[in-house]
Amino acid sequence: MLRVSNKQARALWLHSNGLSASPTGPLDVMQMIHDLGFVQIDTIRNVTRAHHHILWSRNQNYREKMLWPLLGTHRQIFEHFTHDASLLPMAFYPMWARQFRRWGERVARAPWYQSGLAKSAKQEILQRIESEGALSTHAFDTKIEGPREMWARPPHKKALDQMWYAGELSTCYRINFVKYYNLTDRVVPAHLREPTADDAGQIDWLCRNALARLSFGTQGEIQRFWEAMDAKETRSWVAAQKELVPVEIELADGSAYPVFGAPDIEQRLSECPAPSSRLRILNPFDPAIRDRNRLKRLFGFEYVNEMFVPAAKRRWGYYVYPLLERDRFVGRVELRADRAKNIMQVTGFWPEPKVTWGPPRLRKFESELTRFARLAGITQIDWIAQRP
């Protein structure tokens, strides 16, 4: 069994996520998305939205205006569901057929879809989009049925969701983050709409490409990468593979656990560079930290997204960014930006235990704050929290 030290494992994981090199140089947004596999999108714009921050973290020449033309104009990416709403390379579309089927059937069986007017709204929506072109949910005016609970949605929104999940409708473009739906055959190129592999072939592609981006992982980590196959399917795939490398990874606490390595993991380890000394502000939805259990095992860093935790019960804050330096997490910061007033406030700061925040580290952090603010078009930074 190949044994990998914790330091090697951290370096390989960061390199696999595009976080080893200094985030500068020539910019290829599509290549970044392809290498990551997908980029999660999110509505919250504390400083900038998650999808922009994730790409910027890997190359700070990235700007917000660069992403959406890849969806709405160039058709190089499509939007669908992995573990959450995400943008994926359009080239992956044929391998996503089973995900459309799985999610379409799941939503169609949901009680909130079966009851009420959602099913009957479907035909009217299709007719309107057929004749009028891409429409957002704001183009329809059915009303919420029953009590107005937090996640309650009107019938037209439920019908749009089901058809989007099933692949009947696709995101045509977004304006101010509002999604516009269109018939899939108007959005996805014809040669990509037909699957190029059967269901087993799609599972094989999904598992192989998950492990390629993980470099090493457990069966569960392979499954959770796309969230497009279940545990039984992933287990069967792993059992059938002869080229997977048995690996023992040293954890942050000195213990070890067995994983499956990509077939070329030894070459990856030999070629893996040491992480850059750059201090980075990572997004809460960054793929490098999405799997909180993996994060804690490899880095000894406990991170909880507290957006939906009542304020009085939060340990840190509403939207807190982990701070990565080289191969360890050195703290976390809460930021709040007001673009109209040209100011970004540091509202919370929490150094990690046993991490000394002397002048050199603080200067690196403040340089990164300046760069991050610039992404949002902001030049003024105000510390509300106590400086380290």
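Strands E9 (residues 245-250) and E10 (residues 256-261) run antiparallel to one another and pair over 6 bridges; strands here are DSSP runs of E with at least two residues, helices are runs of H or I with at least four, both numbered from the N terminus, and two strands pair if DSSP finds at least two bridges between them. One of these bridges joins Val-245 to Gly-261 in E10. This is a predicted model, in which local features need pLDDT of at least 70, side-chain atom pairs count only at pLDDT 80 or more, and totals for chains, interfaces and linings use all residues. Residues are numbered from 1 along each chain as its sequence is written, and side-chain values use heavy atoms, with hydrogens and water left out.

Zooming out, the pair belongs to an open, mixed sheet of 4 strands, in the order E1-E9-E10-E8. E1 (2-4) and E8 (216-217) sit at the edges with a single partner strand each, so one side of each has no neighbour in the sheet. Helix H1 (residues 6-16) packs on this sheet and touches E1, E8 and E9, a contact being heavy atoms within 4.5 Å. The direction of H1 makes about 85° with that of E1; axes are lines fitted to C-alpha atoms, for helices over the stretch in contact, with angles from 0 to 180 degrees between N-to-C directions.

Leaving aside residues up to four places away in sequence, Ile-249 touches Val-4, Phe-216, Tyr-257 and Leu-298, among others.

The Arg-98 side chain makes a polar contact with that of Asp-199 at 3.0 Å and reaches the backbone oxygen of Ala-228 at 2.5 Å. Such a contact is a pair of N or O atoms within 3.5 Å; within protein, one must be able to donate a hydrogen and the other to accept it, and residues adjacent in sequence count only if both atoms are side-chain atoms.
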